[in-house]
Every structure is written in structure tokens, then in C-alpha cells.
Amino acid sequence: MSFSVASKHLILSLFLPLMFISGFASAAENENPANIFSKAFRCLDDQNVYSRCQEDYRINVAGNINVPYDETDTYCSGPCLIETKLVLNCIDGIMSNFLFYNSATTKNIRSTLRSGCSHTNRRGNFNVAENLEEESNGGDKKFKPIYYAWVSLFLGLLML
């Protein structure tokens, strides 16, 4: 059985829009804010990334890094610092404007890591909230309403 040129055009005219719509729907599904947040949060528990760092010293969803002062050398020269940076890269790769519960961005966390591991009077201070406060005095506040909108949207979707 052979198809005429007209029937081939009819088949294409029926299937192309369906293929386009299904492709668009799957792309839209991948861009669902709940999916994006979920993927970003999974970076914090990824066993392939966080494998050697003691769980107490890992960054958490609140945006805290709980490293005791006595453990600064171990943290900064061991796997924890490297793995924490990998987690931040993972989050940035999924959502570049991710906001932790304490309103810290990955940039703020990196800044806290740099100062906490530096050889200055800030060494051993991994208090992200303090670092945020210092940065906000001359910092970048223009994107925070966008973050809060995303977080609100995400929480609203979770309640559905």
C-alpha cells in the first residue's frame, strides 16, 4: 500500500503539532518550580557528593555550616570543604538563584567558607547569618523579592 503525497502531508500535519505539544508539555514539566526546588534540595543529601564529610559539618537546607572552631583545620583541609563546594556547584547548576531558609545564596555561603577558612581573624567563623548581615550593609538586596516569590510558590505547590 503506497501513500500519496497528499496523504503524507495530512499525516505530517496531524502528528507534527502533537509532537510539538508533547515536547512543549514535557519541557514545561521540567521547568515546574516544585521540580526545580526538589532537585536543588537533593544536592544537599546526594551520597555521591557528600560521602566523606561528617554529617554534622555539612551545609543544611537552613543554610548553616556547623563547624566547631577546634575543627577548622580539619574542615578546611579535608574533604568537607571540597564536598561542600561540590554541593554548591550542584545547586547552582540546577537553580542559580537558590535561596536557603536563612536567606543566604550560594554566593553568600561561598563567602562564608572563604572567610571561615582564611588565615585572618575570621578563621573558624562559619556563621552564615553574621556574614549575611555584614554583606547586607553594602550588599545586593534587589533580587530577594524574587526569591521569596519562588519560595512561596514552591510551598504553595507542596500544599496542593
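Ile82 lies in helix H4 of this predicted model. Ile82 is exposed, because its relative accessible area of 51% is over the 50% cut-off. In sequence, Ile82 and Val49 stand 33 residues apart. In space, their C-alpha atoms are 9.4 Å apart.

Asn48 sits in the loop between H2 and H3. With a relative accessible area of 73%, Asn48 is exposed. Asn48 and Glu83 are separated by 35 residues in sequence. Their C-alpha atoms are 9.6 Å apart.

Gly93 is another residue of helix H4. Gly93 counts as exposed, at 66% relative accessibility. Along the chain, 53 residues separate Gly93 from Ala40. The distance between their C-alpha atoms is 8.5 Å. Ala40 belongs to H2, where this residue takes part in the contact with H4.

The chain as a whole is helical in its pattern. Seven helices are present, and there are zero strands. Read along the sequence, the pattern is α-α-α-α-α-α-α. The chain has 160 residues, and 34% of them are buried. Among contacts between residues at least 6 apart in sequence, 61% join residues at least 24 apart.

Helix packing comes next. Two packed helices are described by the angle between their axes and the distance between the axes. Helix H2 covers residues 33-43. The axes of H2 and H4 come within 8 Å. They cross at roughly 170°. This angle is over 145 degrees, so H2 is roughly antiparallel to H4. On the H2 side, the contact involves Ile36, Lys39, Ala40 and Cys43. These residues meet Val87, Cys90, Ile91 and Ile94 in H4. By class, the contact of H2 with H4 has seven nonpolar residues and one charged residue. No polar residue takes part in the contact of H2 with H4.

H4 also packs against H5. Helix H4 runs over residues 79-94, and helix H5 over residues 106-116. Their axes come within 10 Å and cross at roughly 165°. That angle makes H4 roughly antiparallel to H5. The crossing of H4 past H5 is left-handed. From H4, the contact draws on Leu81, Thr84, Lys85, Leu88, Asn89, Ile91 and Asp92. From H5, Thr106, Ile109, Arg110 and Leu113 contribute. The contact of H4 with H5 divides into five nonpolar, three polar and three charged residues.

H5 itself is mostly covered. Of its 11 residues, eight are buried. The buried residues of H5 are Thr106, Asn108, Ile109, Ser111, Thr112, Leu113, Ser115 and Gly116.

The loop between H4 and H5 holds Ser103. Most residues other than glycine have a negative phi. Ser103 has a positive value, with phi near 75°. Ser103 is buried, because its relative accessible area of 14% is under the 20% cut-off.

Helix H3 covers residues 72-77 and includes Cys76. Cys76 is buried, with a relative accessible area of 16%. Beyond residues up to four places away in sequence, Cys76 touches Leu81, Gly116, Cys117, Arg123 and Phe126. Cys76 and Arg114 are 38 residues apart in sequence. Their C-alpha atoms are 9.4 Å apart in space.

Conventions. Residues numbered from 1 in each chain as written. Predicted model: local features only at pLDDT ≥ 70, side-chain atom pairs only at ≥ 80, totals over all residues. Heavy atoms only, no water. Axes fitted to C-alpha atoms, helices over the stretch in contact; angles between N-to-C directions. Helix = DSSP H or I, 4+ residues; strand = E, 2+ residues; numbered from the N terminus. Parallel < 35°, antiparallel > 145°, perpendicular 65-115°, else oblique. Left-handed = near helix turned anticlockwise from the far one by under 90°. Contact = heavy atoms within 4.5 Å. Nonpolar A, V, L, I, M, F, W, Y, C, P; charged D, E, K, R; others polar. Buried < 20%, exposed > 50% of the residue type's maximum accessible area, 1.4 Å probe, protein only.
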